Amino acid sequence: MENLLVLTHVDETGSALTKASLEAVTAGRELAARLGASLTIGIVAADAAAAAGVLASTGARLLAVSGEAFAQPRYTSDAAACEALCRAAAATIVLAPGSSRFSRVGAGVAHRLGGFIDTHITALGGTEAVEATRWFYRQRVEAVLSRDARPWFLLLDAGTHAAFAGEPAAVAVEQVSVELPPLRTTVTGIHAPKQDAQTIRPNAKLLLVAGAGWTKKQADGKIHAEEAGDLILGFLRAAGASLGSSKSLVDQRGEDQPVLPFLTHLNQIGQTGATPRHAMGLSTCCHGEEPHVVGWRFIADRRAISLDPNCGWTRGKADVVYIADAFQVMAKVNALLGAGAGK
Amino acid sequence: MANAVHIVVCAGIVPDPLQTLEPITGPNGPGLKNEMVLPAVLDPWAASALYEAASLAAKNPGSKVWLVSLGPKAKLQQVMMTVAQKVHFDLVPIDGPIGGFPDAHSTAAALAGAINAIPGLDKAKLLLFGGWESATRGAGVTLQLTGELLSITDQFQGVDQIDLRDDGSFEVLERVEGGKHQVSVCAGTPAVLGWATGNLAEPRNNPQVGMVNMRTIMPALQKAKPATLAANGLRYVSVGLPKQQRTTRVVKDLTPDQIAAELVEWIGAE
């Protein structure tokens with residue numbers, strides 16, 4: 001019989017499990033029920049007891065590694081904590097959120113336990129055996145794979161399962177002790193854009209994708225990069241949207257071409273960028289495969305504004321394509337949304 | 001020389017992103033149709049790691065950069081004709097299979113073996129660089145596994161910046177959720193850094209750098225050791241292209257006002 005362990009960690013408050021962790025709990029409960037496997041949930045936190053209450057109704061065995069050393073997302077301490085939890089649970093299958101924290105250590109922990117790991121799992125299926133779905137070649141090729149070797153670590157992509165929501169209650173948590181090696185790394189802080197300058201909003205309903213067309217010559221033969229920036233930022237503010245960008249637009253920063261100053265490589269989606277999950281996507285001034293095929297793989301409802309009625313990348317990929325000038329349309333959209341024409 | 005570092009960059013080769021990919025299943029498992037004739041490039045995030053490595057080495061005299069790459073010899077040679085013109089490095093080629101479907105654990109073992117065999121490499125000064133994910137498998141695990149095999153337990157992923165300090169410690173910026181960076185300070189080498197994009201533009205081709213590099217690259221390629229990658233129980237149930245094809249409504253006859261009204265209604269924010 002399989003022993004299933006779900007690894008979880010807390011968010012920046014230090015007292016609540018992350019949404020991605022709760023999604024992994026849902027995946028773990030479903031898989032344990034299907035396999036008839038025992039379910040254990042492991043928590044890594046400075047104070048795991050505070051975070052454990054929400055898991056009371058899972059009925060799972062709860063293990064925790066606690067202490068100040070585990071408040072910081074750091075390879076040495078997190079790997080030791082996860083290793084200890086896996087050993088305590090005698091886990092054969094380990095599910096964990098594909099967060100930056102667990103993505104950093106998942107492979108190392110699998111190696112220390114003589115196990116194997118697969119990441120970016122988007123679905124778990126199979127009848128006789130566990131089968132995991134993931135994408136290769138940056139969301140271009142989809143594969144279903146399985147392994148006989150154990151322990152098998154599976155890191156789940158965010159947004160692929162509903163977050164577990166249980167009534168908080170007092171619950172018993174078994175503390176697992178960890179002997180830490182000397183710690184050579186200290187987390188000293190987080191660099192984040194100012195609140196009003198943050199253009200990446202993972203929880204936004206809508207993703208606006210800006211392509212290189214925004215900084216190309218327009219109908220009057222001139223470049224209007226400043227106006228483009230105002231329109232885009234105005235829309236983000238008014239619609240509460242997140243901003244993605246094509247690689248070509250971000251790369252212009254290093255090529256002495258007109259740029260949108262608020263764009264960084266963190267906005268980039270596609271082959272060498274993120275593959276975000278939002279309910280809706282609006283692409284503007286994009287004329288390539290990256291935004292429409294790769295970057296939009298997990299966007300449910302897609303629309304595009306393009307000057308090119310024959311753009312092959314939008315056909316079959318977007319639900320609606322408006323053949324129009326994005327400058328004109330977005331100015332009108334912003335006016336309707338009360339953004340003062342993007343100012 | 002106090003801050004001289006030995007930087008090993010692990011970088012695979014991948015099909016040019018503009019190529020159309022078609023998966024096929026052969027006797028050795030899944031692969032890509034015509035994979036050996038598809039134009040290839042150095043893996044983009046790993047290429048960022050290489051440029052950052054060269055920049056770091058240039059700022060710290062006495063440092064050295066090796067590029068460890070696993071792939072078919074002929075394909076490696078083809079890609080190196082371009083990569084060699086970018087920055088100075090010593091190539092450590094491993095003659096092995098191409099593509100994203102071989103098991104990452106086997107790939108890591110082959111890389112660790114090759115790194116362990118590099119003459120003159122001081123592991124106390126080692127910075128193991130690579131892309132945080134490849135453009136093939138895209139699992140983001142090979143570098144961590146290689147680091148573990150080399151007993152390196154300070155690891156950073158999604159790195160966009162490293163600042164090496166006079167005392168040998170360094171500050172690292174790693175990407176975390178929500179468009180933010182986590183800032184960490186590590187006491188010193190050895191460490192693993194899986195790079196995201198970094199801050200450097202792709203260097204222009206420099207034929208003189210290329211000529212210097214190729215003097216050592218060609219003999220290294222001739223001596224490349226073959227590697228077979230075990231499946232480690234990894235079994236592919238299916239491999240295919242996504243079938244989802246949307247019926248696109250192309251709207252050509254609306255004014256900007258009408259389109260804006262339709263979009264605002266769609267967004268549901270009016």
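Modeller: Start with pairing: two strands pair if DSSP finds at least two bridges between them. This is a predicted model, by the way. E1(A) and strand E2 (residues 38-45) of chain A have 7 bridges, in the parallel sense. That passes the cut-off of at least two, so they count as paired.

Colleague: Which residue of E2(A) is the bridge partner of His9(A)?

Modeller: Val44(A) is the bridge partner of His9(A).

Colleague: Why is strand E1 (residues 3-9) of chain A called largely enclosed?

Modeller: Of its 7 residues, 6 are buried, so the rest of the structure largely encloses E1(A). For chain A, with 343 residues, 56% count as buried.

Colleague: What makes Thr58(A) partly exposed?

Modeller: Thr58(A) has 19 other C-beta atoms within 10 Å. Buried needs 20 or more, and exposed needs 12 or fewer. The value 19 lies in between, so Thr58(A) is partly exposed.

Colleague: Where is Thr58(A) found, and with which residues is it in contact?

Modeller: Thr58(A) is in the loop between helix H2 (48-52) and strand E3 (61-66) of chain A. Setting aside neighbours within four places in sequence, Thr58(A) is in contact with Val25(A), Arg29(A), Ile41(A) and Gly166(A).

Colleague: Is His120(A) buried or exposed, and how do you know?

Modeller: His120(A) has 23 other C-beta atoms within 10 Å. The cut-off for buried is 20 or more, so His120(A) is buried. His120(A) lies in strand E5 of chain A. Its phi is positive, about 55°, although it is not a glycine.

Colleague: Is Ser151(B) buried or exposed?

Modeller: Ser151(B) has 9 C-beta neighbours inside 10 Å. Exposed means 12 or fewer, so Ser151(B) counts as exposed. Ser151(B) sits in the loop between helix H4 (142-149) and strand E9 (155-164) of chain B. Ser151(B) also has a positive phi, about 60°, and is not a glycine.

Colleague: Which strands form the open sheet, and in what order?

Modeller: There are 6 strands, in the order E13(A)-E12(A)-E14(A)-E15(A)-E16(A)-E15(B), and the pairing is parallel.

Colleague: Why do strand E13 (242-245) of chain A and strand E15 (249-251) of chain B stand at the edges?

Modeller: Each has a single partner strand, so one side of each is left without a neighbour in the sheet. On average, neighbouring strands of this sheet are turned by 20° against each other, direction ignored.

Colleague: How do you know that strand E14 (residues 280-284) of chain A pairs with strand E15 (residues 301-306) of chain A?

Modeller: They are joined by 5 bridges and run parallel. Pairing needs at least two bridges, so they are paired. In E15(A), Asp301(A) is the bridge partner of Met280(A).

Colleague: How many bridges join E8(A) to strand E14 (residues 234-240) of chain B?

Modeller: There are 6 bridges, and these strands run antiparallel. The cut-off is at least two, so E8(A) and E14(B) pair. Ala143(A) has Val239(B) as its bridge partner in E14(B).

Colleague: How many residues does each chain bring to the contact between A and B?

Modeller: Chain A brings 72 residues and chain B brings 71 residues. The side of chain A that touches chain B has 33 nonpolar, 22 polar and 17 charged residues.

Colleague: What makes H8(A) oblique to helix H6 (residues 256-267) of chain B?

Modeller: Their axes come within 8 Å and cross at roughly 50°. The crossing of H8(A) past H6(B) is right-handed. By class, the contact of H8(A) with H6(B) has 10 nonpolar, 1 polar and 2 charged residues.

Colleague: Which peptide bonds are cis, and what is omega?

Modeller: One joins Arg150(A) and Pro151(A), with omega about 0°. Another runs from Thr189(B) to Pro190(B), with omega near 0°. Pro151(A) is in the loop between E8 and strand E9 (152-156) of chain A. Pro190(B) is in the loop between strand E11 (180-186) and strand E12 (191-195) of chain B.

How values were computed
Residues are numbered from 1 along each chain as its sequence is written. Chains are lettered from A and ligands numbered from 1 in the order in which they are written. This is a predicted model: local features need pLDDT of at least 70, side-chain atom pairs count only at pLDDT 80 or more; totals for chains, interfaces and linings use all residues. Helices (H or I, at least four residues) and strands (E, at least two) are DSSP runs, numbered from the N terminus. Two residues are in contact if their C-beta atoms, placed from the backbone, lie within 7 Å. Axes are lines fitted to C-alpha atoms, for helices over the stretch in contact, and angles run from 0 to 180 degrees between N-to-C directions. Ala, Val, Leu, Ile, Met, Phe, Trp, Tyr, Cys and Pro count as nonpolar, Asp, Glu, Lys and Arg as charged, and the others, Gly among them, as polar. A crossing is left-handed if the near helix is turned anticlockwise from the far one by less than a right angle, and right-handed if clockwise.
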